[in-house]
Amino acid sequence: MRSIVLATSAEDSRAVDAVVAHHTEMNGTLGLLVEALVQAAESSDAPGAATAHRRLVDWTRSDLLPHAQAEEEAMYPHAHRAPEARLLVDAMIAEHGVIGALVDTLAETASPVRAATLGRAIQVLFDVHMTKENEQILPLLAQSSDVSLAGVLDGMHDLLGHSHGHSHGEAATPEAGGCGCGDGGCGGAAETAHTDSGAAAPAPAAAGHSCGCGGHDDAGALPVLDARAVPHAIRHATIFGALDAVAPGAGMVLLAPHDPLPLLAQVDARWPGTFTVDYLERGPETWALAFTR
């Protein structure tokens with residue numbers, strides 16, 4: 001369960017939601033990129049592993065490391081002024097250095113197995129780092145009367161996701177399934193409107209369909225995101241991040257605890273006509289859907 005963060009203003013509260021949502025999406029993207037690499041390495045798929053390896057390196061260098069640098073420039077100096085947070089901030093900066101070194105080593109290795117191991121190490125470290133930032137750094141800044149978190153983050157697109165080009169002030173909350181970037185296409189319908197029945201409702205994706213055949217020969221080759229293990233409050237943002245990692249012509253399998261109709265509507269709004277959706281399993285405990293871009 002996500003902790004409630006008190007803030008000195010509504011703007012700061014929205015800024016907290018925006019950063020947390022973006023962190024969650026990044027975690028979802030990283031998770032799927034790493035899973036694709038691990039799966040290719042396990043199956044001795046050399047071409048697939050090479051592609052997954054390259055995509056992971058490219059994303060860490062184009063998104064993850066610039067995000068870390070933006071944090072150090074925008075947020076950390078303000079948090080470092082608080083005596084109780086000084087050692088924590090120093091440790092967070094050191095963790096950025098470790099992540100950067102792991103990315104450099106990842107880029108240099110030629111072994112798919114070693115690359116998968118390094119990718120998993122980056123994923124675990126980022127998850128721990130993200131939790132500390134969400135639960136300690138952001139609340140500290142949001143509750144400070146000397147700092148406007150919204151002002152600190154103003155214009156820092158590397159912190160909030162530059163791909164959508166929207167300000168933190170319009171952010172949707174993670175609970176609502178929004179990405180935090182303020183893009184209306186990111187969705188806003190709460191996940192509470194789902195159905196828990198196994199009814200064969202079609203997936204509402206503009207370019208998709210629901211074949212209901214119960215399985216596909218190629219689905220076993222797709223990386224899997226098990227959303228059943230993801231806390232409800234951040235589930236949609238995690239899935240959005242994973243879908244961001246799906247390359248054209250590729251796909252992923254989503255395991256959900258219910259028929260994710262509200263999620264599919266949000267995916268259709270965010271990526272109109274982009275994903276084909278096939279139901280592989282329809283409950284009663286697990287719904288499995290293959291997303292193909």
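Is tryptophan 271 buried or exposed? In this predicted model, tryptophan 271 is buried, with a relative accessible area of 12%.

**View A. Aspartate 244 and its contacts.** Let's start at aspartate 244, which is found in helix α8 (residues 235-244). With 35% relative accessibility, aspartate 244 counts as partly exposed. Beyond its neighbours within four places in sequence, aspartate 244 is in contact with Glu25, Thr29, Arg270 and Trp271. Glycine 28 is 216 residues away along the chain, yet its C-alpha atom and that of aspartate 244 are separated by 8.5 Å.

**View B. Phenylalanine 240 with tryptophan 271.** Searching the whole structure turns up three aromatic pairs. In the pair shown here, the ring centres of phenylalanine 240 and tryptophan 271 are 6.1 Å apart and the planes meet at 70°, so the arrangement is edge-to-face. Phenylalanine 240 belongs to helix α8 and tryptophan 271 to the loop between α9 (261-270) and β3 (276-282), so the pair ties together parts 31 residues apart in sequence. Phenylalanine 240 is buried, at a relative accessible area of 0%.

**View C. Phenylalanine 275 with phenylalanine 291.** Here the ring centres of phenylalanine 275 and phenylalanine 291 lie 6.2 Å apart with planes at 80°, so this pair is edge-to-face. The pair ties together parts 16 residues apart in sequence, because phenylalanine 275 lies in the loop between α9 and β3 and phenylalanine 291 in strand β4 (residues 287-292). Phenylalanine 275 is buried at 2% relative accessible area, and phenylalanine 291 counts as buried at 0%.

**View D. Arginine 282 over tyrosine 279.** The charged end of arginine 282 sits over the ring of tyrosine 279, at 3.8 Å from the ring's centre.

Definitions and conventions: Residues are numbered from 1 along each chain as its sequence is written. This is a predicted model: local features need pLDDT of at least 70, side-chain atom pairs count only at pLDDT 80 or more; totals for chains, interfaces and linings use all residues. Side-chain values use heavy atoms; hydrogens and water are left out. Helices (H or I, at least four residues) and strands (E, at least two) are DSSP runs, numbered from the N terminus. Buried means under 20% relative accessible area, exposed over 50%, partly exposed in between (1.4 Å probe, protein chains only). Contact means heavy atoms within 4.5 Å. Rings of Phe, Tyr and Trp (its six-membered ring) pair if their centres lie within 6.5 Å; planes under 30 degrees apart count as stacked, over 60 as edge-to-face and the rest as tilted. A charge sits over a ring if NZ of Lys or CZ of Arg is within 6 Å of the ring centre and within 35 degrees of the ring normal.
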